[in-house]
Amino acid sequence: MRSGDAFVVVLLAIVLIAWGYYGLRRKLMDWPEHPAPVEEDIFVPNGDAVELLKAKGYELLSGKQKIPVTVEAGGLVMSSQLFIDAIAAKDDETFVVRIARPRRPLEWTGSAIREHLLVYSLIYDDIDGVLYVDPAEGRVTPIRFELER
């Protein structure tokens, strides 16, 4: 081995270590801090909605979830809850599922959809949107939100 060869080997090793460090660092930074849960025992309160999701090609990853929410307002601390009907995936996209309720119909305007469903798309880091499932009408509507900051 000539004297210049050792320099090239050391330089190549430094480049490989730096490339590995930055690649691993970027991968870790993209890792979701709050991923959507995946369960083995899935319970969804509406069987028609489950059949409709499966017929449309969605795979259920999780069933009904209760997420406790603590609200602090004006010095008062209050408790509340958010309920997710299910989590489903299709084509490498993951969605929170909300099932339509006859006693609380959703008005199809941007502000009403935002008001009722935006919070569900922000719960987990790896969620791509919300599926609004209406078993009575046989409709599954994917809803995606894009925030300009």
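Predicted model: local features only at pLDDT ≥ 70, side-chain atom pairs only at ≥ 80, totals over all residues.
**Overall build**

Let's start with the whole chain. The protein has three helices and seven strands. Read from the N terminus, these elements follow the order α-α-β-β-β-β-β-α-β-β. The radius of gyration of the protein is 23 Å, whereas a compact globule of 149 residues would have one near 15 Å. Along the principal axes, the C-alpha atoms of the protein fill a box of roughly 80 × 50 × 30 Å.

Of the 149 residues in the protein, 31% are buried. The accessible surface of the protein amounts to about 10,900 Å², and carbon and sulfur atoms account for 55% of that surface. If you take the contacts between residues at least 6 apart in sequence, 58% of them join residues at least 24 apart.

**Aromatic pairs**

There are three aromatic pairs in the structure. One of them brings together tyrosine 58 and phenylalanine 95: the ring centres are 6.1 Å apart and the planes stand at 85 degrees, so this pair is edge-to-face. Tyrosine 58 sits in the loop between helix H2 (47-55) and strand S1 (59-62), and phenylalanine 95 belongs to strand S5 (residues 93-99), so the pair ties together parts that are 37 residues apart in sequence. Tyrosine 58 is buried, at 11% relative accessible area, and phenylalanine 95 is also buried, at 1%.

Tryptophan 108 and tyrosine 132 form another pair, with ring centres 5.7 Å apart and planes at 85 degrees, so it too is edge-to-face. This pair links distant parts of the chain, 24 residues apart: tryptophan 108 is in the loop between S5 and helix H3 (110-121), and tyrosine 132 is in strand S6 (residues 129-134). Why does tryptophan 108 count as partly exposed? Its relative accessibility is 39%, and partly exposed covers the range between under 20% for buried and over 50% for exposed. Tyrosine 132, at 7% relative accessibility, counts as buried.

Which residues of H3 are buried? They are Ala112, Ile113, Leu117, Leu118, Tyr120 and Ser121. As a reminder about helices, an α-helix has 3.6 residues a turn, so residues three or four places apart point the same way.

Aspartate 48 is part of helix H2. Between the C-alpha atoms of aspartate 48 and leucine 61, which are 13 residues apart along the chain, the separation is 17 Å.

Aspartate 91 is in the loop between strand S4 (86-90) and S5, and aspartate 92 lies in the loop between S4 and S5 as well. Most residues other than glycine have a negative phi. Aspartate 91, although not a glycine, has a positive phi of about 50 degrees. Aspartate 92 is not a glycine either, and its phi is positive at about 60 degrees.

| Residue | Relative accessible area | Class |
|---|---|---|
| Aspartate 48 | 55% | exposed |
| Aspartate 91 | 65% | exposed |
| Aspartate 92 | 82% | exposed |

Notes:
Residues numbered from 1 in each chain as written. Heavy atoms only, no water. Helix = DSSP H or I, 4+ residues; strand = E, 2+ residues; numbered from the N terminus. Rg over C-alpha atoms; globule rule 2.2 N^0.38 Å. Buried < 20%, exposed > 50% of the residue type's maximum accessible area, 1.4 Å probe, protein only. Contact = heavy atoms within 4.5 Å. Areas by Shrake-Rupley, 256 points an atom, 1.4 Å probe, with all protein chains shown as cover. Phe/Tyr/Trp six-rings, centres within 6.5 Å; stacked < 30°, edge-to-face > 60°.
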